[in-house]
Amino acid sequence: MSEMNHLKKIQHEIMCCTGCGYCKKACPTFDMGGTEADSGRGKIFLAYGLLSGEIEEDTSVIQTLQKCTLCGRCEQDCPSLVKISDIIHAARKDLHGVLPAHQKIMDSIAKYGNPFGMESESRKNEQRGVEAENTEIAYFAGCMENYMEKGLKRAALSIFEKLGVDVAVIDNECCGNPVEIIGRENKQLSKIEKKLDDMAIKKIIFSCPSCMQSFLPLNKKFEIMHISQFLAGMDLNLKDAGMKLIYHDSSVLGRKLGIYEEPRKLLEMAGGFIEFKQHEELAQCCGGDLAFSAAFPDTAGKMAERIVEEAREKNATIVTASPHCYHHLKKYGDVIDIVEVVDRFL
Ligand code: SF4
Ligand code: SF4
């Protein structure tokens, strides 16, 4: 039997679970799958089984523990305040096996420095804009903006240019967030840290909440902030967007990083917006997490569809503040990212 060191460390959380099942109420994977194993409670029982040795790792255990976006929505309904997503994440770290879709992501990051298996040249071709050398502020573009949604990086750089803010654009590899989410050690961060040290960077601005989350261990050394926080702190004179906008809280930006107010402040400056029925702490996850959507595309698609459906009923365009949500949701409906809103109406 393996050591289960990560689960041992979080044993106290597992023991706080009374088994009441309230965490099923708004869990998207339970909603789509309907079995106990699809719910937070089912996964906690599984984690307990692994810890106690009553359950052994096999493919179905790996599959079950990975079938969760770690969105934390379930935690809003848990009367015992159990850190459900932390337990599931700890269990993943104690697993030996990896799903084929996840192995592919990890191999890609190791070989190409990004999860998409793309040559790094396609990133470098986009390195233009305000590439200042004598600045302590860096803009960190994640793989999504460097490879798949280059328009979001262009929009961010255009905003800095319009505002006269000098930022250094780091020629970075993947921050390693997908590897972390899968439950494997993130070796990417130390490489990037070295580069930031060489550039004497003090502040890092992210448009991707997942990248920002990966940098949390370095937040004593660098000031880290989401681009919406940086922009909301400035006196921007945005034109009225003249569009009906509905703001979607990313699970990472919202529940994990606690950033709810700033994107809303920016949208108010651009003429206002409406809310989803469930918003802020109660927002529904769109399923756009890279590791989750790669392994469970059908469930991830259904999760996106229900968000798009509500926006459609309200005749509104979804505004995201996460390149992952943007990339995923736009396959199903009208989406614009907060950086595009600011760039367009500044
Ligand atoms: S709501 Fe909380 S206490 Fe109840 S089963 Fe879920 S995790 Fe356990
Ligand atoms: S973290 Fe999200 S997907 Fe995972 S069990 Fe909780 S609500 Fe469900």
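Leu-81 counts as exposed because 10 C-beta neighbours lie inside 10 Å. Leu-81 is not a glycine, yet its phi is positive, about 55°. For context, most residues other than glycine have a negative phi. Leu-81 sits in the loop between helix H5 (59-66) and helix H6 (84-94). Helices and strands here are DSSP runs numbered from the N terminus, helices being H or I of at least four residues and strands E of at least two.

Some housekeeping. This is a predicted model, in which local features need pLDDT of at least 70 and side-chain atom pairs count only at pLDDT 80 or more, while totals for chains, interfaces and linings use all residues. Residues are numbered from 1 along each chain as its sequence is written, and chains are lettered from A and ligands numbered from 1 in the order in which they are written.

Asn-315 lies in the loop between helix H18 (297-313) and strand S7, and is exposed, with 10 other C-beta atoms within 10 Å.

Now the sheet that S7 belongs to. Four strands form an open sheet in the order S6-S5-S7-S8, with parallel pairing. Strand S6 (274-275) and S8 are at the edges with a single partner strand each, so one side of each has no neighbour in the sheet. Two strands are said to pair if DSSP finds at least two bridges between them. Strand S5 (residues 245-247) and S7 (residues 317-320) are joined by three bridges, and Ile-246 has Ile-318 as its bridge partner in S7. S7 also pairs with S8 (residues 335-337) over three bridges, again in the parallel sense. There, Val-319 is bridged to Ile-336 in S8. From S7 the chain passes through helix H19 (residues 323-329) to S8, a right-handed β-α-β crossover; right-handed means that, with the strands pointing away from the viewer, the path from the first strand over the helix to the second runs clockwise.

Contact means C-beta atoms, placed from the backbone, within 7 Å.

Next, helix H12 (residues 188-198). Which of its residues are buried? They are Gln-188, Ile-192 and Leu-196. These cover an arc of only 65° around the axis, which puts them on the same side of H12; the arc is taken over the directions from the helix axis to the C-beta atoms. An α-helix has 3.6 residues a turn, so residues three or four places apart point the same way. Ser-190, Lys-194, Asp-197 and Asp-198, on the other side of H12, are exposed. Helix H7 (100-112) and strand S1 (137-140) are among the elements covering the buried residues. After H12 comes Ala-200, with a positive phi near 55°.

S1 belongs to the other sheet I want to show, an open one of four strands in the order S2-S1-S3-S4, paired in parallel.

Technical notes:
Buried ≥ 20, exposed ≤ 12 C-beta atoms within 10 Å, placed from the backbone. Contact = placed C-beta atoms within 7 Å.
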